[in-house]
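This report goes through the two chains, the contact between them and one residue that can be followed in detail. Please keep the sequence and the model in view while reading.

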Amino acid sequence: MSNITPVTSDVDAPGSLADTSDVMGSSHGNSGPKGPAGKLYGWLRSIPVWALWGIALVWSLPTVGLFLSGFRTRDAQRQTGWWDIRLDELSLDNYETVFGARSSLKDSLLNSMAVAIPATLIPIAVAAFAAYAFAWIDFKGRKTLFIITVSLLAIPLQVALIPLLRLWVSGARFTIPFLDKTITLVPDFNLVGSTTAVWLTHTGFALPFAIFLLHNYISSLPKDVFEAARIDGADHFTIFWRLVLPLSVPVLAAFAIFQFLWTWNDYLIAKTMAGNNPDAQVTTILIANLAGDFGANEHLLPAAAFVQAFFPLVVFFALQKYFVRGMLAGAVKG
Amino acid sequence: MTLIDATDAEADTASATFAAPPPAEQEPRTPAFYVRRSLGVIAGIGVLYLLVTEGKARSTLVTVAVAVGGSAAIWIGANLLFNQVRDKWQRFTMLLYFSVTLIVTTLISGNRAIGNEAADDPIAKAINKFVNGISSGTLTSDSLVPRFTAMIWIPLVLAVAAGAIGLLLTRTDALATRLAIGAGGLGLVGVAAGAFWNFNARPEVDAVGLVAWTALAAGIGAGIGFLRSSDPMRPMLLGAAIGWVIGAFGAPDIGGGPSGWTIVAVAVPPALIGVRAALNGNLALRERGAIDINSRKWIFLAPAVLFAGGMLVVPAISTIWLSLKNRSGDDFIRNESGDADLFANYRNIFDDPNSWNPPDGLSFQLVGLGQGASWILLAVLTVVAGFVGGFVRRRSAGDDEAPPVFSPGYAVTTFFGILAVGAIVERLLPSSIEQVVGFNLFALPTGTSRLMIIGLIVLAVFVGVGLLQKSRTGKVVELGSPSMGPLIVGGLLVMLAVVTTFRGTIMNNLWWVIVVTLFSTGLGLAIAVLADGVRFEQVAKSIIFMPMAISLVGASVIWRFMYVARDSSTEQTGVLNSLWVALGRVSTGREVASVALVIIGGLLGVALLNKLARKRSNTIGMVGGAGVVVAVTGIVAALIWLFAGTTNTSTTHFVVSIVLVALAVIAAVAIFVLAVMKDAIGMVAGAVYAVVLAAVLYGFASVWGGSLTGFTQKVIVGVAVGAILLALLAMTAQRLTTQNFGGAVLPLILAALIGWFLLRYLAVWGGGVGGQSINTVGNLRDSPINFVQESPWNSMFLMVVLIWIQTGFAMVILSAAIKAVPTELIEAAKVDGATDSQVFWRVTLPQIAPTIGVVVTTIIVLVMKVFDIVNVMTNGNFETQVLANDMFFQAFQSQNQGQGAALAILIFVSVLPIMVFNIRKMQQEN
C-alpha cells in the first residue's frame, strides 16, 4: 500500500511516471535465434511495443478529436468528422464565441476559481493544524480521535448532501430535549446558489482525507528537529509555522494539486449546492448544460470543454510528478 | 512532452506557493528561472487586467480573500491570543474577555435574541452601505452581508466593554475591588445586553422555577467541586450561572415577557461569572504556562473537529434519520397502532421494478417434469456424474495417487453442460414444443438469452479444460493456465446475460462495478507490462494517464463526440459510427477499401502459413506453399478487379470470376490431397477449406443474381479471408494435437470471428457486417448505432468513459509494483528455465497481488458512486440509471428526500465493507 502514500518518501515515489526506465531492458533483444529466424523472432518480440503504441493512440484519439473540433466551424463540425480537417475551415470563432460578451464561460471560470481556491487553501490549513496536533501534541484520547477522523473517509459524498443542502438553505437548529426550546446553531444565511456553499461543502468533505495524508507525512518528520526547537524555547505555533510547514511542502503540494483538480472538476456538489443559479455556475455545470442543450450550441461544446480542461491539463503537464502523487494518494478518498 | 520529467527543483518551487515561504534560499538564475519569473509577471498582469475590467473578477477576488483571509485571521488570532498568556497577562485577559463575550453574544444574536433584522436597524444599514461600497455591490448574495452586520454590531460593542473589564481586573489583586469590578462590570454588560434584547424573545419568567433551577445547578456544581476536592465555590458559581440561564430562558415560555425581568435575567449570569473571575485572582507564571501549552491542542484541532463534525458526522446521522421517514422525508409513516414504519424507503428501493426487474420465467423444466422436479433431477445427475467421475478416475489412477471418491470436475461439467444443452434446445425448437421442453433460464422474450447459452458452453469448456489440466498440474484453475481464459470469459458472459435480463438501477450499478473494475485493472496491468522497459515508456504512460486530469463531465463530452450518430443520409462525424459504417460499406463491397482488405488478408494468410511451415514438417510446408498460391491469387485478382471493376462489364466480371474460382479450386484440391496423405492438421485444414470454398461458391452464385453490388470482390475477399481462416484453423488444430490448449484459444477465437465475418459477408447468413442495412425499397443504406440510447448495451458504452479514465490510474500503480518486484526473483526463475509468460504468471503476478487488491477496491468504491457520466450523457434515461444519479434525482429534483436519503445510505452500506478494509490496511501500514 506504499503507493497510496507515495509522498512520504522523498526518493522518487513509486507510481511516479519519472521512474527509471529500462530496468528490465536487458531482457530484450539478446536472446532468440540468429539469422532470418532471428529477424522473425525480433519482429514477433516487437509486437507488444506496437500494441502499446496502438493503445496509446486509441487513448489519445478522443482528446485529439475534441481539440481539433474546437477549431472547426459549425458547418464543418456538422458535415464531416474531425479527421477530415482542412486548413481553410480552421478558425477561432468558437473560442471567440465562448469567451464573448454573451457567453457565461468567463463568469463560470471565475466561479470555479472562487470555489477551487478557498476549497484548496482552507482544507490544507485546517488539516495541517489537525495533522500536527495528532502527530506532535500529546493529549488524552489523541489516538481515538485520530482513528475516528480517518474512519470518516468511509462516508460517501452522497450521504452528507441532503442535510448540507438543508443547512445552507435554512441553517441548523437544535431542539433541546426536555426543555423543548429550539436554538439556532447556524443562522440561515441562505447560502444556496452561492459559491460559498460549494466550497464550504468541499472543505468539510476534504478534511478526513487531508488529515490522513498530511498526518502520515508530518508524523514521519525527524523527532530531533522538534526536540531541538523545543529546547530553544519554541512553542507549538512557532514550530508549526517555521518548521513543519516548510518541511511539508511536498505533501502540501501533492494534496493541493489533488484538491484543486478535485474541486475544479467536481460536478455533483456544485450541481447540488449551486446548480440552479446561473450567477454561481461553475465550468462543469456550464458544460453539462451546454451538452444537455441538444443541437443549438453543440458546435461550441468542444471549445468550452477544452477551456474547462485547460487548467487540469496544464497542471498535468507542468507538475506531473506532484500530479501523479496527488492523484494516487487521493484515490482512497471516499 | 518535454515537461514530463519535471525536476525536483522546478516542482518544489512551483508547489511552494501552496505553503509558507520556504527557507530563504537564492534561486539559481537559470533560463528556466527567468521563464518562470516572466510567466509569473504575465499571469499577474492578466489578473490585474481582469480585476480592472471585470466586476465579476473583483467580487470573486473579494469573496476568496474574505474566505481565506477570514479563516486565517481567526486561527492565527487564536494562536496569537494564547501566545500572550505567559508574558503579557493584561493583554491576554483583555483579549480573552473580548473574544469570549464576542462569541457568546454573537451566538445569542444569531438566535434573534439580541439585535434586529437588517430592515429595521439603522446602524446595520449604515454598515451594509459601507461594506457594499467597497465590494461594488456584488459581494456574494444580497442577504448575507446585511444579516451578518445586523447580528454583529451589538456583540462587538458588548465585547469591547467586556474587554475593558478584563483589563481592569488584572490591575488589582485586592479581592473587594476585584469583586466590584468583576460582578459589577460584567453585570453592567449584561444589563446592556438585556436592554438590546429583542422584544419577541423576552422570557415570561417564573420566580420559583428560576430559583429551583439555579439552586439545583449550583448544588451540582458544588458537588463536582467537592468530589474533585478543590474549592467548591467556583464550580458552584458557574453552576448557578448555567442554572439561571436554564431557569430564565430554557424552562419558561419565550415571548413578550416584561422588559425589567428580561434585563435582570440577562444580567445575572455574567455577574455570577464576574464573581468567579474575581475570586480566581491573577494567575502565577507556572499556571499561565500550563494554559499556554494546553490551549494549543484545542486551537489546532478545533477547526478540523468543527468542519468534520458539522459537515460529515452530523449530516451522515441526519441522513440515516431522514431515510427512516416517509418518501419525502417530512414525517414518519405510522400504522393504525401508531408504530412507525421505518424501512418503507428501503423496501421501496427493492420492490421497485426500476431497481431490478426479474423476468417471470426464471425456470428450468425438463420434459414431462415440474420445475422443482427438474432442478432436483439436475442436482441428482450432477452428484451421480461426480461419483461416476470418481469411479473413472480411480480406475485410471496410478499407485502414488490417492483415489478420489468424488470428482467435482465431472459434476460441474455435467451441471453446466445440461444447462447449456437445454438452453440450446429451447432456443432452437419452435415455440409449439415449448410445453414439452420448458427452459428459459434468464429468458428474453424470444427464449433463453444467447449470451447465457454461450456463457454456459464456455463455462463447460472451462471445466473440461480444467480437468485435463488437473491431470497434468493438479490444479483446475491456475494463474495464466488455459482454463483461466474460459472461466473469465464464461463468467463474464453469464454476468452480462444476468444484467441485461434483470434490468434496473441496482443491476446497472452491479454491472458498472464488475465491468469497469475488471477492464480498468486488466487493461492497466496489460499496459503496465507492455510498457515496462520500452523506449519512451514515460510518454506512453503519460498519454494513458492523461484522462485522469480531465473532469468526468469533460470526459463525457469528449466521448459524446466519439459516439455521436448522425442521420444515415449524411456523413458520420463520430469516430466509432464512422468506422462502423465504413466496415459496413467494405463488407458489402461498396468501397475500394475492400481491395485493401484483400491485400492485407492475403499477406496475413501468407505470413501465418509461412510461420506454420517453418515450425512443422514438410507437409505443412506444402500447405504453406498452397496458402501462398491462394494469397497471391487473391492479390492478383484484386489488382485485376481494381482496373476492370470500374468498367463494370459483365464479360470482365465473368473472366475474373472464372479465373478466381479455378485458382481457388486448384489450391484447395492441392491442400486437401497433400493433407490427406500425411497430416491430421492438414486434413482438418483441407476439410474446412472445402467448406469455405462451398461458401465462396454460394456467395458467388447468390450475387450472380445481382441483388448485391460488388460481387466480384466478394469472391476475391472470400478467397483471401478463407486463406486466413484456413491458416488459423490449422494453427488451432496443431496446438490441440500437442495439447497446448492455451495456445489454441487465440487462433480459435480469431477463426470464429473471421468465420462469422465470412458467413455474413458472403450473405450465407444475413448480409454484410457493420453499419449497413437494407431499407424497404431494397437499397443498402448507412445504419449508424445510437450508442447512448440503444438499451441495454448503452450502459456499457457509458462504462467505457470511466474505463478510459481509470485505466491510467491502475496502470501507474501496477507499473510501480511491477518495477518493485526483486530482479533476483525473476532472474532465478529464468535460470530455472521459465518462459517470459511463466515468469509473469508465476512470479510477478503473485508478487503484485496485494497492489492489485488495492487497485480493485479503490475502483470499486469509485464506481459505486458513479454519477457525473450518467447524469451528463443520459441522465438515467434509456435504462442507464445508477444509484447515485437516482439519489440525486429523488432528493433534489423530485423532492423525495426520504427516498434519496435511503439511496444514499444504500451506497454508503455497499461501499462500507470495502472502505473499512482499505482504511484498516492503510492504518496497518502507517
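## Terms and basis

A nonpolar core is a set of buried Ala, Val, Leu, Ile, Met, Phe, Trp, Tyr and Cys residues joined through C-beta atoms within 7 Å. A residue is buried if 20 or more other C-beta atoms lie within 10 Å of its own, exposed if 12 or fewer, and partly exposed in between, with C-beta atoms placed from the backbone.

This is a predicted model, in which local features need pLDDT of at least 70 and side-chain atom pairs count only at pLDDT 80 or more, while totals for chains, interfaces and linings use all residues. Residues are numbered from 1 along each chain as its sequence is written, and chains are lettered from A and ligands numbered from 1 in the order in which they are written.

## The two chains

Chain A has 15 helices and two strands, where helices (H or I, at least four residues) and strands (E, at least two) are DSSP runs numbered from the N terminus. Of its 334 residues, 53% count as buried. Two residues are in contact if their C-beta atoms, placed from the backbone, lie within 7 Å; among the contacts in chain A between residues at least 6 apart in sequence, 71% join residues at least 24 apart.

Chain B holds 32 helices and 10 strands, and 43% of its 926 residues count as buried. For chain B, residues 24 or more positions apart account for 70% of the contacts with a separation of 6 or more.

## Contact and cores

The contact between the chains takes 128 residues from chain A and 121 residues from chain B. On the side of chain A that touches chain B, helix α5 (residues 105-136) gives the most, with 16 residues. By class, this side of chain A has 88 nonpolar, 34 polar and six charged residues; Ala, Val, Leu, Ile, Met, Phe, Trp, Tyr, Cys and Pro count as nonpolar, Asp, Glu, Lys and Arg as charged, and the others, Gly among them, as polar.

The largest nonpolar core has 276 residues, and those with the most contacts inside it include Ala127(A), Ala130(A) and Leu456(B). The largest share of this core, 22 residues, comes from α5(A). Leaving out residues up to four places away in sequence, Ala130(A) touches Ile211(A), Phe300(B), Leu301(B) and Ala304(B). Apart from this core lies another, of nine residues, among them Leu725(B) and Ile754(B).

## A buried arginine

Arg560(B) lies in helix α19 (residues 552-563) of chain B. Why does Arg560(B) count as buried? Arg560(B) counts as buried because it has 22 C-beta neighbours inside 10 Å. Leaving aside neighbours within four places in sequence, Arg560(B) is in contact with Ala291(A) and Met873(B); Arg560(B) and Met873(B) are 313 residues apart in sequence, yet 7.3 Å apart in space, C-alpha to C-alpha.
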